[in-house]
2 protein chains.
Amino acid sequence: MKKKEKITIHDIATEIGVTASTVSRALNNHPRISPATKKMVLEAAKAINYKPNRIAAALRHGKSKLIGIIVPTINRNFFSSIVRGIEEYANARDYKVMISQSYDDYQKEVETIDALLDARVDGIMVSLGKNTHTYAHFDAVLQKGIPLVFFDRTTDELQANQVVIDDFASAYQATRHLIEQGYRHIAHFTSHMKIKIYLERLRGYSQALADFGIPFDERLVVESNMQLDGGQESTRFLLNQGLGFDAIFSASDYAIVGALQELKKIQVKIPQEVGLIGFSNEPFTEFTEPALSTVDQKAINMGQTSAALFFEMIAGDGKPKAMVKKTLDAQLITRTSSCRIKQFQP
Amino acid sequence: MKKKEKITIHDIATEIGVTASTVSRALNNHPRISPATKKMVLEAAKAINYKPNRIAAALRHGKSKLIGIIVPTINRNFFSSIVRGIEEYANARDYKVMISQSYDDYQKEVETIDALLDARVDGIMVSLGKNTHTYAHFDAVLQKGIPLVFFDRTTDELQANQVVIDDFASAYQATRHLIEQGYRHIAHFTSHMKIKIYLERLRGYSQALADFGIPFDERLVVESNMQLDGGQESTRFLLNQGLGFDAIFSASDYAIVGALQELKKIQVKIPQEVGLIGFSNEPFTEFTEPALSTVDQKAINMGQTSAALFFEMIAGDGKPKAMVKKTLDAQLITRTSSCRIKQFQP
């Protein structure tokens, strides 16, 4: 394969017999350069496939064709799938994405916003870290008129676009499904972080219980870090309390795997004795024994919707439009762990 | 919380009563500015916590303190853990990382290298895409003297630093473990892509068989895409051939889960009748029933080692030193799926 040489403005200058400075000014639409020369330069640039330096161009025109994405961690199928959705949509429109992780660290989120502004990105898409409770670091983004989209972990405290799933409705469906399968003492695993997605899931769980006349028992709502070990601890806590739960709806897939492991240790039959549902449709939920029911947040769709909001914002005059909040539907995935009635009776 | 305003050179100028132009030239070490003024400007800049624009600084000095990372996909625990290792090491030294995915697409890898060069990154770390067989897109990186480190999926065709794990030794250990557990008809799942890591794993498997006097049977080496469906297909292929295998060593965790699912469908007992080992220690290998043996590639260590190579390169005169190739040890993780002898006899 022949080596690809980087084409510069000097190649264009040589090609058409003008100075590099003239080429540069023509490409930058300088008023001193005649329309005829500009046309000649642009045609030559196109003919020899000249690609201007993206960042140098960004410094002149404010267009880097780069989108910066900040997620708490890339190490979750949910977030990496959202990134994939954004990326597919953006790549098809000649934009590139760069990904950064906040690791749920507030200071790292602040610094990353600074770095993205320095890198002259054309847009920023963020899922907030769990420890982010103030939002002043986004003021510079809004003040510069750089399109800002929040997805999944969002805030209503800024005038910025948001894409969320309907956490309330998803949790309601998951809980109703357990009730329809005959479970009556349904525990709920939630985060000790009072962020909106977890509050909405708790609300959906409570509403479903209320609608089916099942009393809400706050002792069955257990807080943890929502990781594997958190799910194990919450399950041991419930068992030690002797509260006689017969199902768990967990706001996290990791925590429900922890529950599954603890219950199997003491030979509890899933789903006959205890039904389990998680949240997020992480790939491993298919691989457990039994396979785990969960809520699929359609992450790729969330990514595409977020990207579409960005392109809508830049399509007009380049300024963000009025705030838009899109709420997407999620999908309940019922697998063995929550289905003890094989056939529904009509 | 008080809103944080972006501090500019104008603030420094006001602070010490000089022009913004003087501040700018002082910060850039311009020869026309006196040492006394430079000192005053630098002290004022420090006092009011002035942070220069990272990219503008990069254009002047060639230091963006940004490292670009390219991985085939972030949606693998192995790659996201390497990124974490790089990031921890780099952050501790005041460098930031930006992550891009090639999705194993050669053209996307080429374009991402261009974008990273445009973004004036100070270093590039890459795990090659499966479809990358030519390397001219890295010439510009090497020519500019930008430190380049390959990890895991590397090439010997460029004079660039590499960090790999000892795939041969890891595969040898995994196969030897199966032999020690009494398995004699050991199949191997490998990729149809002839990239180095898979060839080394195949070589380790073959060598272990040879050393223990077990004949190599090429019909037991099955190629697939190494995904879940590939593992299912390879297993059905082996079953349909009626070759009487009693173990599978897969070069991928995803493919071994596919095998587990297929074998369980027909009530094959794991590990009593067939032993299974995967590769990568993806988190779900702990959650399957039975839990899967696998090879832990110590990804965070690989990331830290890759980052350390970068910082060694920039520590001297900023030019890459002679090529270094680091080979790291991996660790065999034995779980239920491959352990049919509970106690080893001494």
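## Surface and charge of chain A

Chain A shows about 15200 Å² of surface, with carbon and sulfur atoms supplying 50% of that area. Accessible areas here come from the Shrake-Rupley method with a 1.4 Å probe, and for residues only the protein chains shown count as cover. This is a predicted model, where local features need pLDDT of at least 70 and side-chain atom pairs count only at pLDDT 80 or more, while totals for chains, interfaces and linings use all residues. Residues are numbered from 1 along each chain as its sequence is written, chains are lettered from A and ligands numbered from 1 in the order written, and side-chain values use heavy atoms, with hydrogens and water left out.

As for charge, chain A has 42 positive and 39 negative charges, and their mean positions sit 8 Å apart. Lys and Arg count as positive, Asp and Glu as negative, and His and the chain ends are not counted. Each charge is placed at NZ of Lys, CZ of Arg, CG of Asp or CD of Glu.

## Overall build

Chain A has twelve helices and twelve strands; these are DSSP runs, numbered from the N terminus, with helices being H or I of at least four residues and strands E of at least two. Its C-alpha trace spans about 85 × 45 × 40 Å along the principal axes. The radius of gyration of chain A is 26 Å, whereas a compact globule of 346 residues would come in near 20 Å. That radius is taken over C-alpha atoms, and the globule rule is 2.2 Å times the number of residues to the power 0.38.

Of the 346 residues in chain A, 55% are buried. Buried means under 20% relative accessible area, exposed means over 50%, and partly exposed is in between (1.4 Å probe, protein chains only). Among contacts in chain A with a separation of 6 or more, 73% are between residues 24 or more positions apart, a contact being heavy atoms within 4.5 Å.

## Salt bridges

There are 30 salt bridges over all chains, each one a side-chain nitrogen of Lys or Arg within 4 Å of a carboxyl oxygen of Asp or Glu. One of them pairs Lys108(B) with Glu87(A), with the closest N and O atoms 3.0 Å apart. This pair crosses between chains, running from helix α6 of chain B (residues 106–118) to helix α5 of chain A (residues 77–91). Lys108(B) is buried at 12% relative accessible area, and Glu87(A) is buried too, at 2%.

Within chain A, Asp167(A) and Arg201(A) meet at 2.7 Å, N to O. Asp167(A) sits in helix α8 (residues 167–180) and Arg201(A) in helix α9 (residues 196–211), so the bridge ties together parts 34 residues apart in sequence. Asp167(A) is buried at 4%, as is Arg201(A) at 3%. Also in chain A, salt bridges link Asp156(A), Lys196(A) and Lys325(A) into a network.

Over in chain B, Arg236(B) and Glu262(B) form a salt bridge at 3.1 Å, N to O.

## A look at Arg340(A)

Arg340(A) lies in the segment after β12 (331–333) of chain A and is partly exposed, at 32% relative accessibility. Leaving aside neighbours within four places in sequence, Arg340(A) has contacts that include Tyr183(A), Asp246(A) and Glu273(A). Its C-alpha atom is 36 Å from that of Pro72(A), 268 residues away along the chain.
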